[in-house]
Amino acid sequence: LRFFDFPEERIHVVPLAPSHSLENKQQLHSSVLERLDLKPKTYFIAMGGVSLRKNTLNLIKAFHLSESKTNFKLIITGKIEAAHRDEVIQFVSINQLKSKIIFTDYLPDNDLQHLYNNAKAFLFPTFYEGFGIPILEAMMAQLPVLTSTTGAASETAGGFAVLVNPFEPESIAQGIDRLENISLEHLEKARSYALSHTWDNTAKLTTAVYEKYM
């Protein structure tokens, strides 16, 4: 609405939904923690790999600045984009973070779910999201969530995430350190909020828009 001359009444917001295969299920078995030499609740997890849009470099800078770096590792899952790989790897090397940050590339759903369920918190300070499904998936796993004030991320989080300025590593670092104080009651409410998003509802709302203009 700020950038285009388009009637507001013809804009319809349709929320997406998380994958329920990533819902917290403690009985799930996977060897991924052993392979990565991790123990439960000793690491943060981030999605999106090494990517400019996912703000990987600022995330790593923030993790380096945070007090939480002393007690936790950072696991980054997803594709490593060649265009941003070198500057990220260089920062990790120069600041002696190789023992604290693990890049996994893509993972099978079973391994990803196990990493979610055993993480301390979910870090997602993305520059821009059209919606941000991983935010809801992390909430389903009852993880404290950090995400951005930009794009759709803050709206998707529904008031249940620590919001940071993705352009400022210091802001992200402060947000990371605040995650330690998130209560169990807050996490349970966030999980209920995430579960209220379903693909059935997405389909119904989308169909209603088509029917309105037929």
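**Notebook: a loop and a sheet**

I looked up D37 in this predicted model and found it in the loop between α1 (32–35) and β1. Its phi is positive, about 60°, although D37 is not a glycine. I noted this because most residues other than glycine have a negative phi. I then checked the accessibility of D37: the relative accessible area is 63%, so the residue is exposed, the cut-off being over 50%.

I looked at K41 next, which is also found in the loop between α1 and β1. K41 has a phi near 65°, again a positive value in a residue other than glycine. With 40% relative accessibility, K41 counts as partly exposed.

I turned to the sheet. I read an open sheet of 6 strands, in the order β3-β2-β1-β4-β5-β6, with parallel pairing. Which strands stand at the edges? They are β3 (101–105) and β6 (162–164); each has a single partner strand, so one side of each is left without a neighbour in the sheet.

I followed β3 to its pairing with β2 (residues 73–77): the two run parallel and are joined by 4 bridges. In this pair I found I75 opposite I102 in β3.

Last, I looked up the helices on the sheet. Helix α7 (residues 169–178) packs on it and touches β1, β4, β5 and β6. The direction of α7 makes about 170° with that of β6. Helix α5 (residues 133–140) lies across β1 (43–47), β4 (121–124) and β5 (145–148). I noted that α5 runs at about 175° to β4.

Definitions and conventions. Residues numbered from 1 in each chain as written. Predicted model: local features only at pLDDT ≥ 70, side-chain atom pairs only at ≥ 80, totals over all residues. Heavy atoms only, no water. Pairing = 2+ DSSP bridges. Contact = heavy atoms within 4.5 Å. Axes fitted to C-alpha atoms, helices over the stretch in contact; angles between N-to-C directions. Buried < 20%, exposed > 50% of the residue type's maximum accessible area, 1.4 Å probe, protein only.
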